[in-house]
Amino acid sequence: MVTTDEKGPLTAKKKSVIIRSCDGDEFLVSESAAVLSTSLKKILEEKEDRLIHLSDIDNKTLAMVIAYLSTHADDGLSDDLKRSFDQEFVSGKEFDVLKYLVLATDTLQVTCLCYTVAKKMADIMKNKLVEWVRREFDIQNDYTPEAEAEIRRLDAWAWDDRQLEDD
Amino acid sequence: MEDIISQLPDDILISIITRIPTKDALRSSILSKRWRNLFRFVPAFNFFCDHRYSDPTCHSKAILEGVHGLLERHHAFIRSFHLCCCLTESCTHPLEQCIYSLGKLGIENLSLWTPKNWSTTRVVSFSCHLLSHMPSLKHFTLKSCFLQPNLKNPCNSLKTLKLSKVKGPPGYLECILSNCLNLCSLAIKDCQVPSKLCFHGPNLQLKCIVIHECEGVKEIELYASNLMTFEFKFDSDEMVNFIFDYVPQLQNIYLCLLENGMPSLCRRLGQDLPHLKTLLVQYMGDPFEDGGIDMGITMFNNLNRLELNISYLSTFNLFSLIPLLHGCPLLQELHLSVRPRYYNLLDEEKHVVLHPHLKNVEINGFGGTKHEIEFALYILKSAVRLQLMDISWHSSYYDRFGRWYTQDDPPIHGNKFSEIYQSIQQLKHEAVSPTVQVIFQKFARIVPKQF
């Protein structure tokens, strides 16, 4: 769970900050939500500026991250509600949406969202044939057939594919 | 469509493949050259042999040999290793090899399991001297094995140990206790134990002891100067004798028993453990069948939390609990889950005894009968500083390690819900405490107090 420094000078005041995406749109965010991101917290501690420009996060992704931060900063919500929000948050999202999300959480250092998204991506890959993963994510196999056979030979015991899904 | 996943930075890809079974993670190395070595940096291994139930034909030996090969070629620390496999006698050697490798890879959290219904006479052996080869091991869970008590060097890192279905020669537990000098928490479930189980020793650091379903145990003797929490669960009619020799720190007791005789048990505990702060009792049957507790006897002078889970009842009288509450003058929290088929409607006069410290009362399995409403009313009239009364339709049951779960009772229908809701709203006006909150909901709001 994310913890915030309750006594810190930033969280004590009910202030807002403006975050600008790389598309130029601006989002008004409460400071208590913003500081759940370790990087935003650092920026806010270092400078007085209330406008933060994020040059590598687009509108759509930023809006999702902010929705997540605001929910987790809401003291009125129970941990159970936050957990079910997390479940909802990642379910049904396309893989490339998740990809931008995980990159953004990595940049912003929102550890628990990064884990939630990585877990969701892992669930997609779990119990799948290598061929399925390659097809689904369009991964180019750049091994020579000999090199691939060599890797399979090395850990032959792990290549029992009977139980794996290919759809 | 471009390859969207391979562009992610290494640490994110490693973080993703750490979250899938290690066998799948290993297979990811064949996706493309980009993925070739990522697997070698995964900090946690998680293996399952694909058998949900035990299968003697499982290639467990080959799997362990394969895992050992992987460990030997790993590039990063492995902090956590979880294996669930049909471990037989033939796995003893490859398992030892894996342990040596894990010791070098900085293992902290190790669990070795077998699938459900694992029953074989040829169980794998685990030699205790292996513990001294894992200098950073903190948490260890071991299931279905024969423990060889040949630990010669002390193991100073181990903090928690869980043993389940473990067999061993006499004295195997003593061997662990006298060599794992920093062990804080020990849980044994369904293990082979002597009829007299002793926990003693001048250097015993144990803070928590949990004993579940260990057949044949008749007496448990505790001489443990640091012990704070003790849990005992036994689905048997046999009486078990607890001897609390020297447990000055023991504050939390969790007992799940079948036999009757709650009054004498409470008197014993009260006498032996005057410092008790939390008491949980789970009973199958009416704890007061053979007689109640005398009104006015103080049993637990320091108890501030009482949890009662009484199940498999035909009839029960909630007011038989009052002398027990009265015996805990400092009680702050009461958690009660009872669901008998009928309540005893005894038309007796009820004296209101004040419970001045009671702040939180939780009643699960509330069916809205007249008797239950009277009991709730009694609490509201007697607990002058009550802050919260949390009532739920579904009952709850105590599982273990401090955890409660909601019972799968028949659901409550809209009319019945609003009927009970209304009567509880009425009660509120009769509460003595001006600030009390009275809540009625379908499901028990279970606050985990896991230890």
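Predicted model: local features only at pLDDT ≥ 70, side-chain atom pairs only at ≥ 80, totals over all residues.
Let's start with residues 15-73 of chain A, where the chain is 47% helix and 22% strand.

Now follow chain A along to a pair of helices, H6 (residues 95-108) and H7 (residues 111-125). Their axes are 9 Å apart, and the two helices pack at an angle of about 150 degrees. Angles over 145 degrees count as roughly antiparallel, and H6(A) and H7(A) are therefore roughly antiparallel to each other. If you check the handedness on your screen, the crossing of these two helices is left-handed.

Which residues of H6(A) and H7(A) meet? From H6(A) come A:Phe95, A:Leu98, A:Lys99, A:Leu101, A:Val102 and A:Thr105. Facing them in H7(A) are A:Leu113, A:Cys114, A:Val117, A:Lys120, A:Met121 and A:Ile124. Sorted by class, this contact has nine nonpolar residues, two charged ones and one polar one.

Is A:Thr105 buried or exposed? Its relative accessible area is 1%, and the cut-off for buried is under 20%, so A:Thr105 is buried. As for its surroundings, setting aside neighbours within four places in sequence, A:Thr105 is in contact with A:Val110, A:Leu113 and A:Cys114. Of these, A:Leu113 and A:Cys114 are also among the H7(A) residues that meet H6(A).

Technical notes
Residues numbered from 1 in each chain as written. Chains lettered and ligands numbered in written order. Heavy atoms only, no water. Axes fitted to C-alpha atoms, helices over the stretch in contact; angles between N-to-C directions. Helix = DSSP H or I, 4+ residues; strand = E, 2+ residues; numbered from the N terminus. Parallel < 35°, antiparallel > 145°, perpendicular 65-115°, else oblique. Left-handed = near helix turned anticlockwise from the far one by under 90°. Contact = heavy atoms within 4.5 Å. Nonpolar A, V, L, I, M, F, W, Y, C, P; charged D, E, K, R; others polar. Buried < 20%, exposed > 50% of the residue type's maximum accessible area, 1.4 Å probe, protein only.
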